Amino acid sequence: MKKILAILIPVVLIAGFSVYKIAANATTQPKLGGLMDKKVLVAYFSWSGNTKSVAEKIHSQVGGDIFRIEPVTPYPSDYNETAYGIAKEQKDKGIHPPIKNTDVSSYDVIFVGTPAWWYTMAPPVMTFLSENNFEGKTIVPFVTHGGGGGYTIDKDMANLAKGAKVLSPFVVYGKGGASVDKDLAEWINKL
Ligand SMILES: Cc1cc2nc3c(=O)[nH]c(=O)nc-3n(C[C@H](O)[C@H](O)[C@H](O)COP(=O)(O)O)c2cc1C
């Protein structure tokens with residue numbers, strides 16, 4: 001009897017621990033649906049840090065690579081100069097400012113993050129989408145805004161990234177509130 005117990009007790013303990021681990025992972029790790037075996041990139045532009053914060057959270061949940069889309073000429077740090085000066089002019093004239101090198105050719109799924117700028121995506125993101133070849137790739141948009149919402153940024157992205165499939169965007173005010181990690185996990189699980 002003692003011998004049987006000596007074998008049974010460790011077996012039960014190991015089995016119990018494994019079930020606990022699986023259950024713990026199920027609640028903290030997004031399932032990632034069809035993304036599981038794809039090459040994933042999180043690419044984002046951010047001027048004041050909100051989109052960067054959301055991009056890093058997405059990256060920590062989906063893995064893959066992450067990079068910041070950077071204009072060759074950085075925007076000024078002054079809000080008025082950026083918003084009412086350069087960004088407004090770029091928006092009005094349809095300017096896609098040059099950006100530092102990007103290459104999406106080795107990725108299947110590209111999360112593309114932007115702040116809402118003048119009712120659409122920021123101009124460097126327009127450059128990113130129109131300069132790269134997105135044929136056959138999946139774009140997953142995420143947008144941070146200052147109260148105006150996501151506008152039609154997902155559709156604007158689809159117009160620029162020819163041949164891409166554009167999924168439903170994650171849209172959040174600022175960096176998102178206390179529930180942003182949970183909200184992101186729910187959105188990612190539905191993709
Ligand atoms: C040039 C500029 C234009 C903006 N235009 C809008 C807008 O049209 N609608 C809106 O809701 N917020 C607008 N905002 C606010 C930003 O979308 C918001 O603060 C965003 O979270 C900033 O992201 P970031 O910190 O990654 O740059 C604008 C901000 C700037 C600097």
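In what follows, buried means under 20% relative accessible area, exposed means over 50%, and partly exposed covers what is in between, with a 1.4 Å probe and protein chains only. By that rule F128 counts as buried, because its relative accessibility is 0%. The model is predicted, so local features need pLDDT of at least 70 and side-chain atom pairs count only at pLDDT 80 or more, while totals for chains, interfaces and linings use all residues. Residues are numbered from 1 along each chain as its sequence is written, and side-chain values use heavy atoms, with hydrogens and water left out.

**Overall layout and burial**

- The protein has six helices and seven strands, where helices (H or I, at least four residues) and strands (E, at least two) are DSSP runs numbered from the N terminus.
- Along the sequence these elements follow the pattern α-β-α-β-α-β-β-α-β-α-β-β-α, and buried residues make up 40% of the 191 residues.
- Eight of the nine residues of β3 are buried, so this strand is largely enclosed by the rest of the structure.
- Helix α4 is also largely enclosed by the rest of the structure, because seven of its nine residues are buried; these are P123, P124, V125, M126, T127, F128 and L129.

**Strand pairing**

- Strands count as paired if DSSP finds at least two bridges between them, and β1 (residues 40-44) pairs with β2 (residues 65-68) in the parallel sense over four bridges.
- β1 also pairs with β3 in the parallel sense, over five bridges, and Y44 has R68 opposite it in β2 and G113 as its bridge partner in β3.
- β1, α2 and β2 make a right-handed β-α-β unit, right-handed meaning that, with the strands pointing away from the viewer, the path from the first strand over the helix to the second runs clockwise.
- β3 and β5 pair in the parallel sense over seven bridges, with T138 of β5 as the bridge partner of V109.
- β3 and β4 run antiparallel and are joined by two bridges, and A116 has M121 in β4 as its bridge partner.
- The hairpin of β3 and β4 has two residues between the strands, and in this hairpin W118 takes a positive phi near 50 degrees.

**Pocket and cavity**

- Both kinds of space are found on a 1 Å grid over the protein atoms alone: a cavity is a set of points where a 1.4 Å probe fits but cannot get out, a pocket is an open set with protein on both sides within 12 Å along at least five of seven lines, and lining residues have an atom within 4 Å of a point.
- The largest pocket has a volume of about 470 Å³, a volume being the space filled by probe spheres set on grid points that are joined across faces, edges and corners.
- This pocket is lined by 22 residues, of which Y79, A116, W117, W118 and G146 lie nearest its centre.
- The elements that give two or more residues to that lining are α2 (50-62), α3 (79-93), β3 (109-117) and β5 (138-145), and α3 supplies the largest share, five residues.
- The search of the whole structure finds one cavity of 30 Å³ or more, and about 40 Å³ of space lies in the largest cavity.
- A87, K91, W117, W118, T120, M121, P123 and M126 line the largest cavity, to which α3, β4 (120-121) and α4 (123-131) each give two or more residues.

**Aromatic contacts**

- Rings of Phe, Tyr and Trp (its six-membered ring) pair if their centres lie within 6.5 Å, with planes under 30 degrees apart counted as stacked, over 60 as edge-to-face and the rest as tilted; the count comes to twelve aromatic pairs.
- F128 and F134 form an edge-to-face pair, 5.7 Å centre to centre with 70 degrees between the planes, and F134 is buried at a relative accessible area of 1%.
- F170 and W187 form a tilted pair, 5.3 Å centre to centre with 45 degrees between the planes.
- F170 lies in strand β7 (residues 170-173) and W187 in helix α6 (residues 180-190), so their pair ties together parts that are 17 residues apart in sequence, and both F170 and W187 are buried.
- One aromatic cluster is formed by W47, Y79, Y84, W118, Y119 and Y151.
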